[in-house]
Amino acid sequence: MVKRDILFHYYEVESVAALTPEERELVELARKMCEQAYAPYSAFYVGAAILLENGEVIKGSNQENGAYPSGLCAERVAAFAASAMFPDVAMTKIAISARSNRLKVEDPVSPCGACRQVLLEYESTQRVPMKILLSKEDGKVLIIDRVKDLLPLSFSGNGLKRKTDQ
Ligand code: THU
């Protein structure tokens, strides 16, 4: 048996003040987008802002529904909109933030497994990594270099080949 390690590192800054102006603006946009969440059931408001390689910023917030599984996370709302509007433009950065009136949000919010899977597929079809900036409504920001780091040993559709294909 061979033990294999996967090393993952991320960065932490105390506040947006330590970010570049571009990244600070993206985090602030994600924080602002929490206000536009439609989350009457969870009262957990998530915002996302994606910077595209062409300079456009696509924003999203979580959208819930009375039929619970029909809702969607902020990250996928933003990523699907970005891909729909700019199908061939790389997503270079995504900022994600969350706040709640009902719950105590103590740490920066991190994307759920389904969002990681979706973001990873976009990242792997573009030439550049997608940097991730995680925060809550204030305070520290966690910075992750690429989506791939958040989903080690991930499933990829590349492995789906017909048995007759060589
Ligand atoms: N949610 C997001 O939008 N993004 C995340 O990263 C975690 C969870 C949403 C889904 C649901 O509307 C609410 O937060 C509570 O889970």
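Is Asp 138 buried, partly exposed or exposed? Asp 138 counts as partly exposed, because its relative accessibility is 40%, which falls between the limits of under 20% for buried and over 50% for exposed. The model described here is predicted.

**Ligand surroundings**

- The shell around the ligand consists of Ser 42, Phe 44, Val 46, Asn 62, Glu 64, Cys 73, Ala 74, Glu 75, Ser 110, Pro 111 and Cys 112.
- By type, six residues of this shell are nonpolar, three are polar and two are charged.
- The side chain of Glu 64 has an N or O atom 2.5 Å from an oxygen atom of the ligand.
- For Asn 62, an N or O atom of the side chain lies 2.9 Å from a ligand oxygen atom.
- Ala 74 takes part through its backbone, with an N or O atom 2.9 Å from an oxygen atom of the ligand.
- The ligand taken alone exposes 370 Å², and the protein buries 75% of that area.
- Strand E2 (44-52) and helix H2 (74-85) are the elements that give two or more residues to the shell around the ligand.

**Salt bridges**

- The structure holds nine salt bridges.
- One of them joins the side chains of Lys 140 and Glu 12, with an N to O distance of 3.7 Å.
- Lys 140 sits in the loop between strand E5 (131-136) and strand E6 (141-144), while Glu 12 belongs to strand E1 (residues 11-13), so this pair ties together parts that are 128 residues apart in sequence.
- Lys 140 is partly exposed, at a relative accessible area of 28%, and Glu 12 is partly exposed as well, at 43%.
- Asp 5 forms a salt bridge with Lys 3, and the closest N and O atoms of this pair are 3.4 Å apart.
- Asp 5 is exposed, because its relative accessible area is 63% and the limit for exposed is over 50%.
- Lys 3 also counts as exposed, with a relative accessibility of 71%.
- Asp 138, the residue of the opening question, forms a salt bridge with Lys 136, where the closest N and O atoms are 3.2 Å apart.
- Salt bridges also link Glu 22, Glu 23, Lys 93 and Lys 131 in a network.

**Surface patch**

- Three tyrosines, Tyr 38, Tyr 41 and Tyr 68, form a nonpolar patch on the surface.
- Together these residues have about 360 Å² of accessible area.
- Tyr 38 is placed in the loop between helix H1 (21-33) and E2.
- Tyr 38 counts as partly exposed, with a relative accessibility of 42%.

**Residues with a positive phi**

- Ala 43 has a positive phi of about 55°, although it is not a glycine.
- Ala 43 is found in the loop between H1 and E2.
- Ala 43 counts as buried, because its relative accessibility is 5% and the limit for buried is under 20%.
- Leu 153 is not a glycine either, yet has a positive phi of about 50°.
- Leu 153 lies in the segment after E6.
- Leu 153 is exposed, with a relative accessible area of 81%, whereas Ala 43 is buried.

Definitions and conventions. Residues are numbered from 1 along each chain as its sequence is written. This is a predicted model: local features need pLDDT of at least 70, side-chain atom pairs count only at pLDDT 80 or more; totals for chains, interfaces and linings use all residues. Side-chain values use heavy atoms; hydrogens and water are left out. A residue is near a molecule or strand if one of its heavy atoms lies within 4 Å of it. A polar contact is a pair of N or O atoms within 3.5 Å; within protein, one must be able to donate a hydrogen and the other to accept it, and residues adjacent in sequence count only if both atoms are side-chain atoms. Accessible areas come from the Shrake-Rupley method with a 1.4 Å probe; for residues, only the protein chains shown count as cover. Helices (H or I, at least four residues) and strands (E, at least two) are DSSP runs, numbered from the N terminus. Ala, Val, Leu, Ile, Met, Phe, Trp, Tyr, Cys and Pro count as nonpolar, Asp, Glu, Lys and Arg as charged, and the others, Gly among them, as polar. Patches are made of residues with over 30% relative accessible area and no salt bridge: like charges are joined within 9 Å, nonpolar side chains (Val, Leu, Ile, Met, Phe, Trp, Tyr) within 5 Å. A salt bridge is a side-chain nitrogen of Lys or Arg within 4 Å of a carboxyl oxygen of Asp or Glu. Buried means under 20% relative accessible area, exposed over 50%, partly exposed in between (1.4 Å probe, protein chains only).
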